[in-house]
Amino acid sequence: MSRPTRPCGRRRRADAVLGGTRVHCTHGGQRMKIGFVGTGIMGRPMAGHLQAAGHELLLVRHRSPVPEELLAGGATVCGSARELAAAADVVIMMLPDTPDVERALFDADGIASGLRPEICVVDMSSIDPIATRDFAARIMATGGDYVDAPVSGGEVGAKAATLTIMCGGSAPAFARVKPLFRKMGQNVTHVGDVGAGQVAKVANQIIVALNIEAVAEALLFAAKAGVDPDKVRAALMGGFASSRVLEVHGQRMIDRSFAPGFRIALHQKDLNLALSSARALGLALPNTASAQQLFSACVARGGADWDHSAMVRALEVLADHEIEKATV
């Protein structure tokens with residue numbers, strides 16, 4: 001049974017009791033009202049860390065049900081994004097794609113329609129850098145602040161609060177929300193002006209995709225040659241080829257564990273952003289295009305919701321061989 005939800009308050013200031021101590025909720029205090037839009041695989045634990053730090057969560061129903069643990073922790077469900085924005089000190093979005101962010105911001109009952117001039121909107125989604133700059137300009141025209149802060153680290157990093165967070169925006173806006181980022185991640189970097197965070201994230205996704213392809217090819221080579229890929233992986237972890245992708249996704253490939261931490265469909269979306277931006281810049285990204293084709297081959301086999309480490313399956317089809325531990 002779902003918990004009853006409280007109406008979404010509209011006051012800028014509120015008093016709350018935490019651990020027997022009355023805390024005054026203002027921008028300058030330790031406790032804030034945070035409107036969080038998008039509590040899916042990544043957003044759910046990220047919002048949970050903010051709540052655990054003592055902040056009050058304001059949520060809105062999106063594609064998935066509002067997580068019960070956030071309701072149990074005292075989160076308030078608002079009737080619309082507009083109502084959420086009107087009550088929040090900061091609004092954070094963690095959504096799948098550019099159109100989702102645009103709808104959340106600018107639909108008739110969206111965030112922009114309820115935003116007060118002093119409020120900062122933080123987009124932690126991974127979306128189009130050009131669209132990001134347009135969205136930011138529209139929000140800042142109302143007097144608000146805007147920070148793009150996409151993340152890397154997947155579900156594991158979101159749960160452990162060890163995400164890498166790449167931020168774009170003005171220095172004052174970044175300074176204002178940096179303490180919130182510190183509750184969700186460890187490596188928090190102000191890359192530059194609005195849109196710079198998204199550019200950094202696209203670069204990140206290029207590197208991750210090509211590393212997955214490299215690890216898949218290496219382990220497939222070892223397996224086809226009759227050598228235990230698990231032992232090869234262990235040997236490589238001590239050398240210059242060592243990487244987080246080899247550590248985590250190499251093990252996934254060997255164990256055939258492709259439940260999504262980060263879905264192929266989402267990584268494919270990010271590489272589309274890389275390739276479309278590259279065309280606009282007159283830039284060739286041949287290996288990025290190759291990785292995208294391998295993801296497309298996985299999707300054609302029903303793998304849109306596989307973890308992105310499952311790119312190896314497309315290579316296995318080409319090799320007519322599957323990675324597995326050698327039998328002794």
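This is a predicted model: local features need pLDDT of at least 70, side-chain atom pairs count only at pLDDT 80 or more; totals for chains, interfaces and linings use all residues.
Let's start with strands S10 (163-168) and S11 (residues 185-192): they run parallel, and six bridges join them. For pairing, DSSP has to find at least two bridges between two strands.

Residues are numbered from 1 along each chain as its sequence is written, and side-chain values use heavy atoms, with hydrogens and water left out.

Now the overall picture. The protein chain has 14 helices and eleven strands; these are DSSP runs numbered from the N terminus, with helices being H or I of at least four residues and strands E of at least two. Of its 328 residues, 51% count as buried, and buried means under 20% relative accessible area, exposed over 50%, and partly exposed in between, using a 1.4 Å probe and protein chains only. Among contacts (heavy atoms within 4.5 Å) between residues at least 6 apart in sequence, 67% join residues at least 24 apart.

So what sits inside? The largest nonpolar core has 34 residues, and Met46, Val147 and Phe181 are among those with the most contacts inside it. By nonpolar core I mean buried Ala, Val, Leu, Ile, Met, Phe, Trp, Tyr and Cys residues joined through side-chain atoms within 4.5 Å. Which element gives the largest share of this core? Helix H8, with five residues. If you click on Val147, you'll find that its contacts include Val122, Cys167, Phe174 and Phe181, leaving aside residues up to four places away in sequence.

Finally, the charges. The whole structure holds 14 salt bridges, each being a side-chain nitrogen of Lys or Arg within 4 Å of a carboxyl oxygen of Asp or Glu. Let me show you a few.

Arg263 pairs with Asp305, with the closest N and O atoms 2.9 Å apart. Arg263 lies in the loop between H11 and H12 and Asp305 in the loop between H13 and H14, so this pair ties together parts that are 42 residues apart in sequence. Arg263 is partly exposed at 25%, and Asp305 is partly exposed at 46%.

In helix H11 (residues 244-255), Glu247 and Arg244 sit three residues apart, about one turn of the helix. They form a salt bridge with a closest N to O distance of 3.1 Å. Glu247 is partly exposed at 33%, whereas Arg244 is exposed at 52%.

What about Asp270 and Lys269, buried or exposed? Asp270 is buried at 2% relative accessibility, and Lys269 is buried at 11%. Their closest N and O atoms are 2.9 Å apart. And to finish, Glu102, Asp134 and Arg138 are linked in a network of salt bridges.
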